[in-house]
Structures are given as structure tokens and as C-alpha cells.
Amino acid sequence: MAAQRTATTCLRLLRSSARVLFSSSKPAVHKPTKWTNLLYTGVASLTVGAGLCAVPFRQVENLSHDSLIKRAASVVTDSSSTFLSQTTLALIDGITEYSKAVHTLIALQRRYLDSIGNLTPAEEDTIWQVIIGQRAEVNDRQDECRRFESTWVSAVKLCEMAAEVAYSSGAEQASITAKTNIQVAQAQVEEAQKLSNDADKKMAEAKVMEVERMAQYAASLQGSNDEEEVPEAYLRED
């Protein structure tokens, strides 16, 4: 809609300019036929472009449609590659921050497990508040990664489509460059995902360790209570 409005506005300006030129000049001297041809050429270019003035009017007479299509395909591949590069960087940074958050949470949980039984209620409450806050940080980072990954997948698909269009338009070099950029981006993301996979694996191991340590601690508390109750049972029998 915006492109159509822009084209309509430009068309009106051109028509207004034409009326001014035709009304303020003598037909025998200024040859309105030449102005009319120039005006129609500009209007045709503007209408086809739907308001996109990337190609100057004077180039329309010198370049063929095939040449213009190739140039446009190259612009599309460059833009899609830029979009892919930016989303790749965002996804890699997101994965890195997520992995850091997971490792920090694992360290906090291990510290708590090592200190369990030796903490005052106030110290234990403080540690748990930090752990809960870090778990929220991990969830936020994970949601961010999923959002960046969704955008990155769309960028890859867009770049693949641009490469196909460029190839079918005859812009082979632009197509090759776009495909190369896709391969590089995919390799970088796969390498970064190894970090998050390793972090998830260690997180699962930490959860198993936490369950085992808490079970052992509960059993030790139960054993201490039993030992304290045995002498009392003997005393009652006596």
C-alpha cells in the first residue's frame, strides 16, 4: 500500500510538471513531443517499480530487462545475506549466554549440596533465593535462544530462496555467494549448539546428583533420629 501511494504521488507530480511545462512554453519552439516521451518514460518506469526508485530513469533506456533483473537479484541476495549474518550473530550470542547461565546454576547447586547440613536457616534461605533467581535467568536465556533460532531459520530459508531466484535470473555469482553464506552460517551455529548441548547434559547430571545427595541427607537425618530414640526405648522398658 505504501509503495502504491508513493507511485501515485510521484505520478501526480509528474503530471503537474508536464502541465506547467506545456502551458508555459510555445509548442513550435520547445517541441512538447519530446517532453511527452520523456514524461511517459518516467511514468512507465515509476509504475513498474511501484515506487521503488533504485534505478535512475536514464538507465532504463540503456539497460535491458534482463540486466535490471540480474541487478535486482544481486541486491536481494546481498540483503538476505546481511539478514542471515545478523540473525546468526544474535543466535550464537544467545546460545553462549544460555550456556554461561546454565554453568553458573550448576556451580550454585553444587555449592549448596556441598554445604548442606552445615548451613544456618538464614544462610540456606539466601542460597536458595540465589538459585531460584539463576533458574529464572536460565529460562529467560533459553526463551531468547528459541526466539533467535526461529528468526535464524527464517533467514536461512529467505537466503535459499534468494539464491534460487538469482540463479534462475542469470546472476550465478550472486547465487553462489548466497549459498556459501548459508553454509558458513550453518557451520557456525552447529559449533555454538555444541556448547548448549554440553550445558544441557551437565545440567541433567547435576539434577541426578542433587536427587541422590538429598536422598542421602534425608536418610542420614532419619538414621540420627533412630539412634536418639533407641536409648529412650530401653529406658522405658527398664
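Trainee: Helices are DSSP runs of H or I with at least four residues, numbered from the N terminus. With that settled, how do the elements of the protein chain run from the N terminus on?

Mentor: This is a predicted model, and its elements follow the order α-α-α-α-α-α-α. The protein chain has seven helices and zero strands.

Trainee: What share of the 238 residues is buried?

Mentor: Buried residues account for 23% of the protein chain. As for contacts between residues at least 6 apart in sequence, 78% of them join residues at least 24 apart.

Trainee: Let us turn to H5 and H6. At what angle do they pack?

Mentor: Helix H5, residues 65–115, and helix H6, residues 121–168, pack at about 160 degrees, and their axes lie 7 Å apart. This angle makes H5 roughly antiparallel to H6, because angles over 145 degrees are counted that way.

Trainee: Is the crossing left-handed or right-handed?

Mentor: The crossing of H5 past H6 is left-handed. Sorted by class, 28 nonpolar, eleven polar and seven charged residues form the contact between H5 and H6.

Trainee: Which residues of H6 are buried?

Mentor: Among them are Ile-131, Gln-134, Val-138, Cys-145, Trp-152 and Ala-155. The list also includes Val-156, Cys-159, Ala-162, Ala-163 and Ala-166.

Trainee: Back to H5, then. Is Thr-88 buried or exposed?

Mentor: Thr-88, which lies in H5, has a relative accessibility of 3%, so it counts as buried, the limit being under 20%.

Trainee: What is Thr-88 in contact with?

Mentor: Setting aside neighbours within four places in sequence, Thr-88 contacts Trp-152, Ala-185, Gln-188 and Val-189. Trp-152 is one of the buried residues of H6, while Ala-185 lies in helix H7, residues 172–237.

Trainee: What does Ala-185 touch in turn?

Mentor: Not counting residues up to four places away in sequence, Ala-185 touches Leu-84, Thr-88 and Trp-152. Ala-185 counts as buried because its relative accessibility is 4%.

Trainee: How far apart are Ala-185 and Ile-92?

Mentor: They are 93 residues apart in sequence, and their C-alpha atoms are 9.9 Å apart in space.

Trainee: Another residue of H5: what about Ser-99?

Mentor: Ser-99 is in H5 and is buried, with a relative accessible area of 5%. Residues up to four places away in sequence aside, Ser-99 touches Leu-195, Ser-196 and Ala-199.

Trainee: And Gln-86, buried or exposed?

Mentor: Gln-86 is also found in H5, but its relative accessible area is 52%. Gln-86 is therefore exposed, as that class begins over 50%.

Trainee: How far is Gln-86 from Ala-155?

Mentor: Gln-86 and Ala-155 are 69 residues apart in sequence and 9.3 Å apart from C-alpha to C-alpha. Ala-155 is among the buried residues of H6.

How values were computed:
Residues are numbered from 1 along each chain as its sequence is written. This is a predicted model: local features need pLDDT of at least 70, side-chain atom pairs count only at pLDDT 80 or more; totals for chains, interfaces and linings use all residues. Side-chain values use heavy atoms; hydrogens and water are left out. Axes are lines fitted to C-alpha atoms, for helices over the stretch in contact, and angles run from 0 to 180 degrees between N-to-C directions. Helices (H or I, at least four residues) and strands (E, at least two) are DSSP runs, numbered from the N terminus. Angles under 35 degrees count as roughly parallel, over 145 as roughly antiparallel, 65 to 115 as roughly perpendicular and the rest as oblique. A crossing is left-handed if the near helix is turned anticlockwise from the far one by less than a right angle, and right-handed if clockwise. Ala, Val, Leu, Ile, Met, Phe, Trp, Tyr, Cys and Pro count as nonpolar, Asp, Glu, Lys and Arg as charged, and the others, Gly among them, as polar. Buried means under 20% relative accessible area, exposed over 50%, partly exposed in between (1.4 Å probe, protein chains only). Contact means heavy atoms within 4.5 Å.
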